[in-house]
Amino acid sequence: MNSPATTTADINTPLNIKWSLRHRSTLVSVGLSGLTYFIAVVACIPLFSVLTMLIWRGGQHLSLRLFTETPPSAFAEGGGFGNAIVGTIVMVGIAALISVPCGIMGAIVLAECGPESRTATIVRFCAKLLTGFPSILAGVFTYASVVLVTGTYSAPAGGIALSILMLPIVMLTAEEAMKSVPRKMREAAYGMGATQTQVIWHVILPTALPSMLTGVMLAVARAAGETAPLLFTALNSNYWIIQDGQQALMEPTASLAVLIYNFSGVPFKNQLELAWAAALVLVLLVLTVNLCGRALADSQKHY
Amino acid sequence: MPTPAQSPHVSQSNSMVSNHSKRSPARTSPTFEVSVVSPPSTTDVLVDRGFRGLAYVFAWLTIVLVCTILYEIGGHAFPAIQEYGLSFVTQSTWDANNAQFSVLPEIWGTLSSSLLALAIATFFGVFIAIFLTQDFLTPRVERVFTTIFELLAAIPSVVYGLWGIYIVIPTIRPIATWLHEHLGTIPFFSTPLSGPGLLPASLVLSIMILPTIAAVSRDAISAVPNQLREAAYGLGATRWQVIPGVVLRTASSGIFGAMVLGLGRALGETMALAMLIGNSNQVSLSLFSPANTLAALLANNFPEAGKVEEQALMFAALILLAITLGVNMIGTVIIDRTTRRLTGGTS
């Protein structure tokens, strides 16, 4: 053993933990951190660019007549896309009517009836596959199985195509929502002698409702913006869904997304401006529903 | 924790009542024995059975749906499969007038645009995932950024297409022209960018799959046990020695899963590509030349297709279905395995 002074010196020499930019590793670290901030900011640019362009180019032409008139022909002035808004709402409504009951009932099996059963495993796998299912193929499938059978392009066909895309989102989020209901609540109900159905109806569903609603809203927001499944199921139309007191549900139906697509490539200024305005309306609609769903989910977390 | 009461019902609740009465004999009274707990009535049991049966029926509907999709598309494509066979994927004509159909350029365009988009989106996505998980931000700011990146996915595809036509193409045209003029001998830059083309389509596509890749990689990175990171920091490693050396290495299979899922998204994406890629049936190495994808082919040709072309399009849809289902299946399996390994191994 040497004197205490040397010992401290020996320990001190390798342990040089002072923060200094002169160390190569520190310099690299600072540089890469800066790069990370830079990349994160760059990745935010598209969202803000899209939003500002929509507000700038679409906002100029925003007026009440857009919501009350039907699309103009090529050289005509004015016009609106009221029928397309109605069409989008009707078709998303049909899609929700189909996918929400199916999705939630399916989620009950996945979360409650037999989470580990073979049925549940296969259903979960199918649902995950459907989340990555190309939207255009939902259109192709619906064309083959609905449009060819009924012999006409129609709003229900569009709704069915959208429901295929909504189903997995609704089902998987509802499953998560039900699984996050505390086990104690479940067991308390079972302990009272409740049947599984009673537990599901009186405990699980009411408790999980807000989170399930979030899932439904996210699915609605996605479906409202989909174009590809509607291209050859609902097609497009220049008329209202109820025209002169006659309903035209089994006729081609307009939607905002298809209208934007059709007008995006045209050389006519008026139609192009309508496309921008329609895009603004569509994005506002989608973002509102989406953000409401998120806010609902966030408000749940405080409990 | 004591073992939780798994199966409920009368016997158990009765035993709980008697236990309770044993502990406090003073309160034992006839009224206590008549409890509100009663066994389910026959109706309750029947309703229960019926409801659960119904739930299973709905669950099976999902499986039936997937099978029907395969059957319908496969069935409608069958005549075209018999007619064209393998030459459908090796030749490059799409001529409705002479009933000559083949999709080599579309397959090439689908793969090249998706892979290019995947490369860009992975680079950004992994950095964003690091940004959101490795203590760069306070939790509140982190939430704001997470929402921003998730909203990128909420913007409809057709709006991205519109934005791409009027913003992205004019923005990158000068750069593309410069590259073509100065480096035109490299095959990637061998044609000028006249308007729609592979590069603008891939750029927009990469923005659209970025949220998927960022979110799934973020989950993979947050699943890395904290002890590993802390041990590395404790050894005196800097943040950027820990991130590639420990965090990314541990999360690598999850990030790979994220890439595969992102690729699946990109392969099936339709509208933005149909508006931006130029719909031209050619196989070209150049980033600036127009191309086509399977999904865009379907979107553009299906509405006006005759009977024979429709069958050929169904064949193209079947190929797209096979590619995306395969890629998604691989991605799902990889991610399931990774989560099981990371959550199973640490607790």
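These legends describe close-up views of a predicted model. Local features need pLDDT of at least 70, side-chain atom pairs count only at pLDDT 80 or more, and totals for chains, interfaces and linings use all residues. Residues are numbered from 1 along each chain as its sequence is written, chains are lettered from A in the order in which they are written, and side-chain values use heavy atoms, without hydrogens and water.

**View 1. The largest nonpolar core holds 195 residues.** A nonpolar core is a set of buried Ala, Val, Leu, Ile, Met, Phe, Trp, Tyr and Cys residues joined through side-chain atoms within 4.5 Å. Buried means under 20% relative accessible area, exposed over 50%, and partly exposed in between (1.4 Å probe, protein chains only). Phe81(A), Met178(A) and Phe88(B) touch the most other members. Helix α4 of chain A (residues 82-113) gives the most to this core, with 16 residues. Helices are DSSP runs of H or I, at least four residues, numbered from the N terminus.

**View 2. Phe131(B) and Phe136(B) form a tilted pair.** Rings of Phe, Tyr and Trp (its six-membered ring) pair if their centres lie within 6.5 Å; planes under 30 degrees apart count as stacked, over 60 as edge-to-face and the rest as tilted. Here the centres are 5.8 Å apart and the planes are at 40 degrees. Phe131(B) is buried, at 2% relative accessibility. Phe136(B) is also buried, at 8%. The charged end of Arg239(B) sits over the ring of Phe136(B), 3.9 Å from its centre. For this, NZ of Lys or CZ of Arg must be within 6 Å of the ring centre and within 35 degrees of the ring normal.

**View 3. Tyr160(B) and Trp163(B) meet edge-to-face.** Their ring centres are 6.2 Å apart, with planes at 70 degrees. Both residues lie in helix α6 of chain B (residues 157-183), three residues apart, about one turn of the helix. Tyr160(B) and Trp163(B) are both buried.

**View 4. Chain B and chain A bury about 7,600 Å² between them.** Buried area is the accessible area (1.4 Å probe) that two parts lose on being put together, summed over both. Carbon and sulfur atoms give 77% of it. Phe51(B), Leu162(B) and Trp240(B) supply 8% of the area that chain B buries against chain A, more than any other three residues.

**View 5. Glu150(B) forms a salt bridge with Arg294(A).** A salt bridge is a side-chain nitrogen of Lys or Arg within 4 Å of a carboxyl oxygen of Asp or Glu. The closest N and O atoms are 2.4 Å apart. Across the interface of chain B and chain A there are three salt bridges.

Terms used. Helices (H or I, at least four residues) and strands (E, at least two) are DSSP runs, numbered from the N terminus.
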